[in-house]
Amino acid sequence: MSGFWETLFTLGNKLTAHIVLAASAIGLGILVALPLAVWAARSQAVARIALGFASLVQTIPALALLALFFPVLLSLRAVFGEELPTLGFLPALLALALYALLPILRNAVTAQANLDPGVLEAADGVGMTGWQKLTLVEAPLSAPFIMAGIRTASVWTIGAATLSTTIGQPSLGDPIFAGLQTQNWVLVLAGCFASAGLAMVADALLGLIERGLAKRSRWQWGGGLATVAIGLTFALSAQFGDDNEDTIVIGSKQFSESIILAQLIGQQLEKEGFAVEYRTGLGSAILHGAVASSSIDISVDYTGTVWTNELKRSDNPGRDEMFRQIVEWERENTGTRVLGRLGFENAYAFAMRRDRAAELNVTSLEDLAAVAPRLAVGGDPEFFERPEWIAVRDAYGMRFRETRNFSPTFMFNALEAREADAISAYSSDGRLAADTYILLDDPREALPSYDAMLMLSPELAKNEAAVAALEPLIGAISVEVMQEANYSVDREDDRKVMPETAARRLAETIGL
Amino acid sequence: MGDTNSDAETLLHFEAVERRYGARGEVIAVGGVTCRIARGSFVALVGASGSGKSTLLKMVNTLVEPSAGRVLFGGKDVTELKPSTLRRRVGYVFQGIGLFPHFRVGENIAIGPRLAGETLSPERIAELLTLVELEPEMADRMPDELSGGQRQRVGVARALAGDPELLLMDEPFGALDPITRDALGERVRELHEEFGLTTIMVTHDMAEALLLADRVLVMDAGRLVADERPSALLAGKGGAIAQRLVAVPRDQAEKLAALEQRIARKTHASSPSSGEGAAS
């Protein structure tokens with residue numbers, strides 16, 4: 001675990017972003033839950049509906065809830081205009097606040113239902129108005145229980161906030177996701193450690209406030225509250241103190257190549273004096289939408305991905321024609337500027353162990369289809385939903401005994417462990433450089449081409465200096481160079497390097 | 001107490017007061033009560049559980065609103081008075097006591113004036129505590145450090161803190177042990193005299209009513225069925241329902257007396273006869 005503490009100390013930025021996000025979400029949750037609880041205590045119907053809704057939200061996996069806010073906010077642009085952010089802080093805040101609602105609401109409603117009826121009658125009997133009764137009697141007597149709910153919500157929210165990385169909001173999820181993709185376990189561990197530590201500190205402080213309220217010790221709950229306030233102020237000032245409007249945001253998807261290319265682009269821009277920031281671990285559709293809406297300035301996308309996901313096309317007009325049509329479509333429909341192709345393809349392909357392929361006498365997808373009913377095939381979580389798989393399946397009549405999902409990073413491990421006989425692979429994958437594996441031919445041309453393209457947001461496209469800085473990247477990266485860079489990050493021996501290092505070496509190789 | 005029907009002395013006037021519950025008002029809690037309460041009287045409202053006596057009482061300080069009829073307090077309809085003003089002039093003591101557990105005893109006592117924007121001085125709080133026979137030092141305690149009897153004494157002190165004209169008590173001593181109950185009952189009667197209060201006490205205990213009140217109203221199924229002085233009730237007036245309630249403590253007293261006699265006779269028979277000559 002060498003470098004664990006050093007890595008941990010580089011997470012300051014992510015930590016403050018995490019604190020600001022989680023605290024805002026809990027704050028919003030409290031703002032919504034408390035009035036709702038007061039109302040629910042006075043109306044059975046409201047109590048049923050509010051608690052039912054909050055429980056329903058709780059059954060949605062946090063990751064899905066976060067992702068769902070992208071289309072929701074996108075459709076709300078019709079009402080609030082194009083300025084409404086669809087990625088990053090806003091959707092993360094809304095999803096996490098919804099998540100925080102249930103424990104606060106439930107505890108507040110329960111606390112009010114359990115108030116001594118004699119005390120409430122006395123409140124009326126001495127002449128309190130509804131508001132006085134709420135503030136002088138109900139609120140202080142419910143406070144310890146409500147605090148317990150806020151405490152539960154905080155621990156949940158701090159944990160779930162790591163997932164906001166996937167919708168482009170910086171958090172302690174960034175090192176976890178990045179580390180998972182590049183098999184950098186120190187990074188994963190540092191992210192987990194920081195997130196868990198934050199949750200424990202928050203739990204302890206809120207617990208102090210809760211006990212202080214229960215014992216009516218002003219010193220105790222005041223002290224806890226003051227500490228929380230100091231922590232938040234610190235995080236806020238750290239987060240917004242050095243905010244820079246001109247920072248160029250570079251997005252990347254959830255695999256090593258994407259992260260390396262983002263670093264390469266970032267280093268190139270920094271060399272020209274631009275400030276950059278990274279958003280890593282984004283899904284394809286989200287990243288594409290983020291660039292179109294200028295929430296993210298630069299991404300590397302692939303012709304085949306955009307062709308099927310965005311243009312909704314399933315035909316295959318050939319490599320160059322596909323690129324040409326995409327450039328035109330983006331210009332007309334999203335305003336995204338496709339600066340050009342980087343020079344290599346990262347196409348979907350099928351890979352097998354060389355010995356297993358020889359044993360089954362398979363060299364092409366046609367051969368594979370013949371023996372498929374006896375075999376298991378592995379793919380990344382989105383693969384079996386993709387049109388590429390459906391095209392291959394239909395073109396070759398492919399029927400496997402079993403289809404299994406693996407994270408892209410573990411795909412080759414699955415092949416090695418014989419968990420799968422064939423896997424979906426990417427043609428630029430570094431591990432294919434080794435002699436151990438073969439890529440299967442596609443004689444019926446079912447798989448479309450996947451040229452890497454540099455995509456610029458409509459905002460950044462206007463920045464001529466940035467465009468000029470990026471132009472040397474166009475056509476500069478061959479598939480061999482990319483494979484080598486990918487391998488240097490994906491390999492598991494002591495020559496494994498961080499994506500930053502791989503990007504620097506790549507830049508040297510291509511002479512930037 | 002004199003003429004209870006004279007307008008000049010009437011503090012409280014129930015005018016055909018009704019209270020119904022249920023979607024179509026099919027459950028009758030109070031079914032048309034008309035009655036005047038004279039200033040300075042100590043009235044006991046007696047009846048079995050569910051007879052409507054608590055509901056009638058709560059319509060005075062608008063904790064319950066009448067479905068029909070009016071309650072006039074000093075000639076004004078109580079529902080038209082501001083609840084905070086009304087409840088300052090009307091002290092309320094009830095079985096649940098309802099001390100605010102997060103307030104000190106002193107803060108509990110001072111709550112009524114505080115709601116009206118006044119601060120009760122520590123001396124006044126000490127005085128009120130003394131009135132209900134508690135140590136002034138208790139002002140700094142929390143309610144959960146007190147016994148049940150002490151808590152109800154604080155409840156009485158809280159009801160008196162706003163210098164009320166009318167004291168409403170709903171089964172005030174119901175949860176207390178008999179000794180505390182007797183002592184507190186006596187004390188409340190003394191305070192009633194001392195401050196010239198008008199007091200209405202709801203109770204299901206006819207003995208308590210007969211011993212403390214100077215007028216007893218008997219309720220049954222939401223209606224007033226008797227309105228008598230204790231002496232008249234003991235003399236057999238007020239009708240069958242009232243007399244059934246009077247019969248309970250009377251029978252108990254007679255049985256106790258008989259028991260005492262039996263014990264006395266037994267003691268007398270078995271005692272040595274040496275003193276007999278001297279006594280006769």
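**Exercise 1.** Work out which residues of H7(A) meet which residues of H9(A), and how the two helices are oriented to each other.

*Solution.* Start with the contacts, taking two residues as touching if their C-beta atoms, placed from the backbone, lie within 7 Å. On the H7(A) side, look for A:Ala143, A:Pro144, A:Met147, A:Ala148, A:Ile150, A:Arg151, A:Ser154, A:Val155, A:Ile158 and A:Gly159. They meet A:Ser195, A:Leu198, A:Ala199, A:Ala202, A:Asp203, A:Leu206, A:Gly207, A:Ile209, A:Glu210, A:Leu213 and A:Ala214 in H9(A).

Next, sort them by class: 14 are nonpolar, 4 polar and 3 charged. (Ala, Val, Leu, Ile, Met, Phe, Trp, Tyr, Cys and Pro count as nonpolar, Asp, Glu, Lys and Arg as charged, and the others, Gly among them, as polar.)

Now the geometry: the axes of H7 (residues 130–160) and H9 (residues 185–214) of chain A come within 9 Å and cross at roughly 175°. Axes here are lines fitted to C-alpha atoms, for helices over the stretch in contact, with angles from 0 to 180 degrees between N-to-C directions. H7(A) and H9(A) are therefore roughly antiparallel, the word for angles over 145 degrees.

A word on the ground rules: this is a predicted model, where local features need pLDDT of at least 70, side-chain atom pairs count only at pLDDT 80 or more, and totals for chains, interfaces and linings use all residues. Residues are numbered from 1 along each chain as its sequence is written, while chains are lettered from A and ligands numbered from 1 in the order in which they are written.

**Exercise 2.** Find how H8(A) packs on H9(A).

*Solution.* First, the axes of H8 (residues 173–182) and H9 of chain A come within 7 Å and cross at roughly 155°. That makes H8(A) roughly antiparallel to H9(A). Then list the contact: A:Pro175, A:Ile176 and A:Leu180 are among the H8(A) residues, and A:Trp185, A:Leu187 and A:Val188 are among those of H9(A). By class, you get 9 nonpolar, 3 polar and no charged residues.

**Exercise 3.** Decide whether strand S3(B) is buried or exposed, and find its partners.

*Solution.* Call a residue buried if 20 or more other C-beta atoms lie within 10 Å of its own, exposed if 12 or fewer, and partly exposed in between, with C-beta atoms placed from the backbone. For S3 (residues 42–47) of chain B, 6 of the 6 residues are buried, so the strand is largely enclosed by the rest of the structure.

For partners, ask for at least two DSSP bridges. S3(B) pairs in the parallel sense with S8 (residues 198–203) of chain B over 5 bridges, with B:Leu45 opposite B:Val202. Another 5 bridges join S3(B) to S9 (residues 215–220) of chain B, also running parallel, and there B:Val46 stands opposite B:Val218.

Methods: Helix = DSSP H or I, 4+ residues; strand = E, 2+ residues; numbered from the N terminus. Parallel < 35°, antiparallel > 145°, perpendicular 65-115°, else oblique.
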